[in-house]
Amino acid sequence: ATPVRSSHVVEVSFVADDPVVAAAAVNNAMDAYIKEQYAAKHRAVDAADQLLEKQAAELRRQVRDIEERMSAYRSGHALSQGMHAGTDTEEITNLTEDLAKAQSDRAAANGRLDAARGKVGAQAQAAVAPSVTALRAQQEQLAGQINALRTRLGNAHPDVQSLVHQYADGQRALNAEIARVVAATAAEQHAATERVQTLEAVLDQEKTAAEKAARDRIPLDAMARDLDAARAQLQAVLESILQTAQQASVESSEAHEISQAIPPEHPSYPRTVQTMAASVAASIFRGLLLIYVLQLTDSTMHSGDELRDAIGAPCLALIPEIGKRALVRLRVQDYVVR
């Protein structure tokens, strides 16, 4: 397998005696490589899925443990589940409003009682009590009639005496009514005072209970935050598991076959023409080299001059120079000296 230069392509080749085997080997190798990449990706996806499943199981256990601890803590500290803090705040607000109204009612009752018991109590009470106002109007009317009759008839007249007795009875009735109004006002003031005290006590109890519940709720709120965080992590892991499952269904290998190998029409080896040409050239070179070497190593005397030079003495006869064609026509015995 060799990479194609300046590309991401890999060229695969295989040498075999049978062209069909060579093509099948290349195609099988490419298929095995692509399938191995596909299997490697799926193994990675499976490993990631197993890790996520392990994390999800751990987070589920954490959520269950936190919920059990929260339930046990609520039972141990008598805390109800839900918007309990909002209920406490609303109850305290309502009690505060009721206490303010009761204090206002008590202040008004104290004012009326003080006015009724003061030096101008009758006049002040007449201004606020309708029954006293009516009796005072009757007394003022009787006083006017008495004054008028006294001017005309004198104090000893029976009619004047009758009106005087009637005026005295009315005054006693007015005083009794004033006393009744004062007593009612005092009772109202006492009731208002008791209501204020009761509301103050209840409000103090509610505030104390709210403070205690707030202190008890601090660990519970911390556990609730931990529970929310664990649930958020669990939700994220479950979404990742879903994405991983979807990814596994569309996962594919990064390598692709551009073209499959087909059986070659001609063998790639041996290259007959190139081999024959190289063999002929090598044979000619070796032949010429052999001839040159044989010529360098030949010690045969080819002429009389060579013989005289070799022995360093004069020769009795010269070796004749005969051409090849003439040598073919002559016989060897013609050159033998008898």
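Ser6 sits in the loop between strand S1 (2–3) and S2; helices (H or I, at least four residues) and strands (E, at least two) are DSSP runs, numbered from the N terminus. Although Ser6 is not a glycine, its phi is positive, at about 60°. Ser6 counts as exposed because its relative accessible area is 77%, where exposed means over 50%, buried under 20% and partly exposed in between (1.4 Å probe, protein chains only).

This is a predicted model, in which local features need pLDDT of at least 70, side-chain atom pairs count only at pLDDT 80 or more, and totals for chains, interfaces and linings use all residues. Residues are numbered from 1 along each chain as its sequence is written, and side-chain values use heavy atoms, leaving out hydrogens and water.

Now to confidence, given by pLDDT, the predictor's confidence in each residue, from 0 to 100. In the protein, 78% of residues reach 70 or more.

| Part | Mean pLDDT |
|---|---|
| Protein | 76 |
| Helix H3 (residues 121–128), lowest | 49 |
| Strand S2 (residues 10–11), highest | 88 |

Over residues 119–123, pLDDT stays under 50. Where pLDDT is low, the predicted coordinates should not be read in detail.

Finally, helix H6 covers residues 272–297 and includes Leu296. H6 has 26 residues and reaches 37 Å from its first C-alpha to its last, close to the expected 38 Å, a span defined as 1.5 Å times one less than the number of residues. H6 is hardly covered, with 0 buried residues. Leu296 counts as exposed because its relative accessibility is 58%.

Terms used. Contact means heavy atoms within 4.5 Å.
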